[in-house]
Every structure is written in structure tokens, then in C-alpha cells.
Amino acid sequence: MTPPPKVWDDILGHLRGELPPQIVGAWLDGIRIEVADQVLRLHCPSVFHRERVRKRCLPAIRKALAESSSSGLGVELVLSPGDAVSFQ
């Protein structure tokens, strides 16, 4: 697994001061991140996960990104079912 981009580490640090730890832990820790074509892509393992991130975290992510040195990046939530954890 590729380590997350530094910009995501910076945003997570900011979010840890803005959002409850349960929200960050449940919806953002361990999510797969990609930066390409000036877009920060958050790969969500399910539609449910993506909608929770959209409703609970996306405004804070956009705010943190706007305040960072990478403010030119957009944010996109993508569905990546292959990232789901399997409990077999």
C-alpha cells in the first residue's frame, strides 16, 4: 500500500482539531487517498461510507484544504468497493 500524500497528513492533522475523534477514526483514518490532476480523491469502500464522509466531513476537509499550502486542489469522493475490508 502506498503511503498517503503529505497533503492528506496535513489535512488529517487539521481535522483532528476540528472534528470529534470518533468521526475521524470511523470515516477518515485508513481511507485510500490519491492526488492526480489537481484533485484530492478519497476512495470510499461503500456508498454508505461515501455519504457519511460527504455529510460529516467534506465541509471540514474543504476548509482545511483551503487553508493549506495545497489550496489549489479540488476534492472528490469516489466509490472504490475493492477497498472494503472483508471479515471472512
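**Close-up views of a predicted model**

**View 1. The exposed face of helix H4 carries Pro59, Ala66 and Glu67.** In this predicted model, these three exposed residues sit on the face of H4 that is turned away from its buried side. The buried residues of the helix, which spans residues 58-67, are Leu58, Ala60, Ile61, Ala64 and Leu65. Viewed down the axis of H4, these buried residues fall within an arc of 160°, so they line one face of the helix. An α-helix has 3.6 residues a turn, so residues three or four places apart point the same way.

**View 2. Several elements cover the buried residues of H4.** The cover includes helix H1 (6-18) and helix H3 (47-56), together with strand E2 (39-44) and strand E3 (74-79). H4 lies across E2 and E3, and it runs at about 145° to E3.

**View 3. Three strands form an open sheet in the order E1-E2-E3.** The pairing in this sheet is mixed. Strand E1 (32-36) and E3 are the edge strands, each of which pairs on one side only. Neighbouring strands are turned by 25° against each other on average, direction ignored. E1 and E2 run antiparallel and are joined by five bridges. Arg32 stands opposite His43 in E2. H1 packs on the sheet, where it touches E1 and E2, and its direction makes about 75° with that of E2.

**View 4. Leu12 is located in helix H1.** Leu12 has a relative accessible area of 9%; because this value is under 20%, the residue is buried. Beyond its neighbours within four places in sequence, Leu12 is in contact with Val24, Leu28 and Asp29. Leu12 and Val24 are twelve residues apart in sequence, and their C-alpha atoms are 8.0 Å apart in space.

Key
Residues are numbered from 1 along each chain as its sequence is written. This is a predicted model: local features need pLDDT of at least 70, side-chain atom pairs count only at pLDDT 80 or more; totals for chains, interfaces and linings use all residues. Side-chain values use heavy atoms; hydrogens and water are left out. Buried means under 20% relative accessible area, exposed over 50%, partly exposed in between (1.4 Å probe, protein chains only). Helices (H or I, at least four residues) and strands (E, at least two) are DSSP runs, numbered from the N terminus. The arc is that of the directions from the helix axis to the C-beta atoms. Contact means heavy atoms within 4.5 Å. Two strands pair if DSSP finds at least two bridges between them. Axes are lines fitted to C-alpha atoms, for helices over the stretch in contact, and angles run from 0 to 180 degrees between N-to-C directions.
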